[in-house]
Amino acid sequence: MSSVRNRPNASHDDYAFHQQVRMAAVQVMGLRPEELAAALAYEVEPFSGIPANEAEITFTPVADPDPAIRVYDVSVRRRRAEESRGERLLKPLLLAGAAALLLATADFAFTSRKLSGLKRDVERRAELQRQLDAAIKPAAAMRSEAQKLRDSREAAARAQNDAARERATYAKMLSAIADACGERAVLKSLDGNAASLRIKGSAVSATAAADVLVDLTAKGSSFGWRLAPGSISVCTPGQTAGFECELTHD
């Protein structure tokens, strides 16, 4: 963006043309003085009638409240012929430099916008990740607690099943003891629990006592009991015999 304002009553030589030129800051950013003079020459060329490649430019910056604008007081006069020929040789170089500068400025602006967009995208993704992490942690804790409850219920169920099996085998063993004794022996004492039973009894004879122990060994082994036989004592020859044993369950 540029504009040119006439400045009548300028105080330079009578052959000079004077104008005030306003240009966008981005157009002149980074230009060297000689490059800026060439750019100003093209700005005033339509008004001065002096071709830019034949113009000799002097300029003075003027303060302006708008930071996006640069203002210059410009004076221009036609150069001598030998100077104009030299300027004509420089014109392509100046144009190429100005084009390169504009391309570099546009590339910088595009890159800056792209980087800003990427930065905003990274910040949004980071915030979403923080929210996701905050949601995942309670869910993981709840899953862990639920697993603990399931494990606890399963352990309780296993304990109940084990207790039921022990009660069943204990009842079976008591029934087996009664069957083994039958009419040939009586129990004098039965101490212990579902894992171990200590038995004292009295049989009609030593032979009957031995038969009871053999019978208990066979019956008990069928459902997991082991018998450790104790002593068999005959109270009076031809009369009853006492016996002892211990039954254990795995």
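Q: Taking helices (H or I, at least four residues) and strands (E, at least two) as DSSP runs numbered from the N terminus, what pattern does the protein chain follow along the sequence?
A: Reading along the sequence gives β-β-α-α-β-β-α-β-β-α-β-β. That comes to four helices and eight strands. This is a predicted model, where local features need pLDDT of at least 70, side-chain atom pairs count only at pLDDT 80 or more, and totals for chains, interfaces and linings use all residues. Residues are numbered from 1 along each chain as its sequence is written, and side-chain values use heavy atoms, leaving out hydrogens and water.

Q: Nice. What's the strand order in the open sheet of four strands?
A: The order is β5-β6-β8-β7, with antiparallel pairing; a pair needs at least two DSSP bridges between the strands.

Q: And which strands stand at the edges?
A: β5 (185-192) and β7 (225-234) do; each has a single partner strand, so one side of each lacks a neighbour in the sheet. From one strand to the next, the twist averages 20 degrees.

Q: How many bridges join β5 to β6?
A: Seven, with β6 covering residues 196-203 and running antiparallel to β5. One of the residues to look at is Leu 187, whose bridge partner in β6 is Gly 201.

Q: Which helix packs on that sheet?
A: Helix α4 (residues 206-222), touching β5, β6, β7 and β8 (241-249), with contact meaning heavy atoms within 4.5 Å. The direction of α4 makes about 175 degrees with that of β7; axes are lines fitted to C-alpha atoms, for helices over the stretch in contact, and angles run from 0 to 180 degrees between N-to-C directions.

Q: Switching topic, what share of the protein chain's residues is buried?
A: Buried residues make up 26% of the 250, where buried means under 20% relative accessible area (1.4 Å probe, protein chains only).

Terms used:
Buried means under 20% relative accessible area, exposed over 50%, partly exposed in between (1.4 Å probe, protein chains only).
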